[in-house]
Amino acid sequence: KRAGLDYWHHLDITYYDDLEDFYSKNPEAKVYYFSTKSNHVYTDITYPETVFIMFGKETKGLPEELLQANPDTCVRIPMRDGLRSLNLSNSAAIAVYEVLRQRNFEGMQVEGQLARLSWD
């Protein structure tokens with residue numbers, strides 16, 4: 001809840017009981033699975049118009065069987081040798097903003113304005 005601050009009313013959140021429930025309700029879903037075990041870098045993908053990005057728990061990631069069944073849609077965020085991974089909220093932010101960047105940040109404010117300074 002803390003991460004969402006006062007933006008929760010801008011979200012459309014759907015909860016699923018488990019992976020089976022997700023796939024049964026989204027049979028045509030194009031899913032990209034973020035994992036440190038992938039050989040594909042997340043920026044090498046052209047994300048489709050309708051896309052789901054999936055992450056596992058920080059402690060153990062997504063199930064190995066899921067990754068093995070979907071090797072072409074598993075992607076990773078590059079990390080330095082010896083480091084495990086970024087935390088989940090940082091990883092999700094990186095992934096979401098890559099999808100938004102590829103869409104030229106459509107519908108988003110892309111320019112800001114500095115406050116005028118008074119030298120009086």
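Buried residues are those under 20% relative accessible area, exposed ones over 50%, and partly exposed ones in between, with a 1.4 Å probe and protein chains only. The model is predicted, so that local features need pLDDT of at least 70 and side-chain atom pairs count only at pLDDT 80 or more, while totals for chains, interfaces and linings use all residues. Residues are numbered from 1 along each chain as its sequence is written, and side-chain values use heavy atoms, with hydrogens and water left out.

**View 1. An open sheet of three parallel strands.** The strands, which are DSSP runs (E, at least two residues) numbered from the N terminus, follow the order β2-β1-β3 with parallel pairing, where a pair requires at least two DSSP bridges. Because β2 (52-54) and β3 (74-75) each have a single partner strand, they stand at the edges, and one side of each is left without a neighbour in the sheet. Strand β1 (residues 31-34) is joined to β3 by two bridges.

**View 2. C74 in strand β3**. The bridge partner of Y33 in β3 is C74, a buried residue with a relative accessible area of 5%. Leaving aside residues up to four places away in sequence, C74 touches Y33, S38, H40 and L67, contact being heavy atoms within 4.5 Å.

**View 3. I13 in the segment before α1 (19-25)**. Helices such as α1 are DSSP runs (H or I, at least four residues). I13 counts as partly exposed, at 40% relative accessibility.
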